[in-house]
Amino acid sequence: MTDTLPAWAGTRSWTDEDTGGDTSGDTGGLLVCKQVHALTPDVRTFVLQPPQPRLFHHDPGQFLTLTVDIDGRSVERCYTISSPPTRPHSVAITVKRVPGGLVSNWLHDRLRPGHTVRARGPLGEFTLARHPAPKYLFLSGGSGATPVMSMTRALYDLAHPADVVFVHSARTPADILFRRELDLIAATAPTVRVVHVCEEDGPTEPWGGHRGRLTLDMLRQIAPDFRQREIFTCGPTGYMAAVRDLLATAGFAMDRYHEESFTFDAPPAAEAVAGTAPGSGDTAEGHVFTVEFARSRRTLTCDADTSLLAAAARAGLSLPASCAQGMCGTCKTTLLAGSVDMRHNGGIRPREIAQNKILLCCSRPRENLVVDA
Ligand SMILES: Cc1cc2nc3c(=O)[nH]c(=O)nc-3n(C[C@H](O)[C@H](O)[C@H](O)COP(=O)(O)OP(=O)(O)OC[C@H]3O[C@@H](n4cnc5c(N)ncnc54)[C@H](O)[C@@H]3O)c2cc1C
């Protein structure tokens, strides 16, 4: 039997409360950094709180969209809430420093206790609150541990009877995230088992556990009953593809598989975009329009069924993007000319739409366009 989880879902976030339910207000979503913890050489946790004490409501696994001002530009990125909803007085995000990355480096180098950031959310559907089950298998690679850590912390705090196997893959033992806390959870909760998989020895610690990349044989050893579990996976694109492959090989019922990607990957090339000459007009595929990316100094073609982000990616134009589902706001930009069909999922505010802002990931052209990207 599955124990009911608390009704986190649908409760109002403090960002709602802050603006009386109107998340479009610029004053909404201010968070003060209270503490910074170094977890590994390139991962830090930032503990954030509203300026006035308020309780934060979210489902474990959901994320926030942070807005930071860097060199006069407002930039948005998503970060999972790594803290659980059972500790509602603050929220924590756990951020890996990405080489060359704008926001992750800014957070590591600049965000200190007392500084503020703006945040929107919580957002996202990657949460066990939507999939109650008696047994879970959490598979994570690198910073993908954050959502499953929030879920594990929540179940632990509730002394929930769900059986959890938490499998985390890291490059070396020094890169294992939340290691001491997971050890403590596994040592004190009879329902939680934690297994780490490392590719190599650490600088000071030889690795004696599971070594290499996660394989089906390894998974069978770690969780022989994995077919009976609800699986949540988060990690680098290649890691998640490998997990999907090995589960498919094992004949796992994929309706009980859930994953979250931290990166946007271009969909496979489409004839309509790759093979059409610039200019608008009818094609066998439908209407094709020109899209000028003004700041990138590139003009591409895009048909009425393709998102601007997908068209850019297929043409080799790399633009900031994350969820690709109109939720996170990372790909927000200004439409300088033309009009689009935008079907977003809350990643843009009404007042921003009124200011000609669009999300590239969920906007399709209705005529020739110029965008500020
Ligand atoms: C739902 C969700 C939850 C997430 N949760 C977390 C989390 O808990 N922890 C976490 O660490 N991350 C998380 N992320 C990822 C996070 O949102 C950022 O994508 C990540 O921090 C990198 O952002 P950045 O600004 O540092 O890098 P970016 O500036 O976006 O750059 C990313 C990469 O692209 C390269 N790049 C940038 N611009 C170009 C260009 N013009 N041409 C070629 N290459 C370029 C950079 O060198 C870098 O390697 C999450 C993402 C999503 C969608």
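1. Let's start in the core. The largest nonpolar core has 24 residues, and those touching the most other members are Phe 293, Leu 308, Leu 319, Ile 358, Leu 360 and Val 371. A nonpolar core here is a set of buried Ala, Val, Leu, Ile, Met, Phe, Trp, Tyr and Cys residues joined through side-chain atoms within 4.5 Å. Buried stands for under 20% relative accessible area, exposed for over 50%, and partly exposed for what falls in between, with a 1.4 Å probe and protein chains only. Two or more residues of this core come from each of strand S14 (286-293), S15, H8, strand S17 (340-342), strand S18 (357-359) and strand S20 (369-371). H8 gives the most, with four residues. Helices (H or I, at least four residues) and strands (E, at least two) are DSSP runs numbered from the N terminus.

2. A word on the model before going further. It is a predicted one, where local features need pLDDT of at least 70 and side-chain atom pairs count only at pLDDT 80 or more, while totals for chains, interfaces and linings use all residues. Residues are numbered from 1 along each chain as its sequence is written, and side-chain values use heavy atoms, leaving out hydrogens and water.

3. Leu 308 is worth a look. Leaving aside residues up to four places away in sequence, Leu 308 touches Val 291, Phe 293, Cys 302, Val 340, Ile 358, Leu 360, Ser 363, Pro 365, Leu 369 and Val 371. Contact means heavy atoms within 4.5 Å. A second, separate core of 23 residues includes Ala 145, Ala 162, Leu 177 and Ala 189.

4. Next, Ser 307, found in the loop between strand S15 (298-303) and helix H8 (308-314). Ser 307 counts as buried because its relative accessibility is 9%. A polar atom of its side chain lies 3.0 Å from the backbone nitrogen of Ala 310; a polar contact is a pair of N or O atoms within 3.5 Å, and within protein one must be able to donate a hydrogen and the other to accept it, with residues adjacent in sequence counting only if both atoms are side-chain atoms. Not counting residues up to four places away in sequence, Ser 307 touches Cys 302, Leu 360, Cys 361, Cys 362, Ser 363 and Arg 364.

5. Now the ligand. It is surrounded by 23 residues, the closest being Arg 77, Cys 78, Tyr 79, Val 103 and Ser 104; a residue belongs here if one of its heavy atoms lies within 4 Å of the ligand. Pro 99 comes in through a backbone N or O atom, 3.2 Å from an oxygen atom of the ligand. Taken alone the ligand exposes 980 Å², and the protein buries 71% of that; these areas come from the Shrake-Rupley method with a 1.4 Å probe, and for residues only the protein chains shown count as cover.

6. Which elements build the shell around the ligand? Strand S4 (73-80), strand S5 (91-96) and helix H2 (102-110) each supply at least two residues, and S4 gives the most, with four.

7. H2 also has a buried side: Val 103, Ser 104, Asn 105, Trp 106, Leu 107 and His 108 are buried in this helix. Their cover includes strand S2 (43-49), strand S3 (63-70), S4, S5 and strand S6 (116-123).

8. Arg 112 is classed as partly exposed because its relative accessible area is 33%. A polar atom of the Arg 112 side chain lies 3.0 Å from the backbone oxygen of His 108. Arg 112 touches Cys 33, Val 36, Arg 44 and Leu 107, not counting residues up to four places away in sequence.

9. Some backbone details to check on screen. The peptide bond from Gly 121 to Pro 122 is cis, with omega near 5°, and Pro 122 sits in strand S6. Ala 159 has a positive phi, near 50°, and Arg 297 has one of about 55°. Most residues other than glycine have a negative phi, and most peptide bonds are trans.

10. Finally, the whole chain: nine helices and 20 strands, with 51% of the 373 residues counting as buried.
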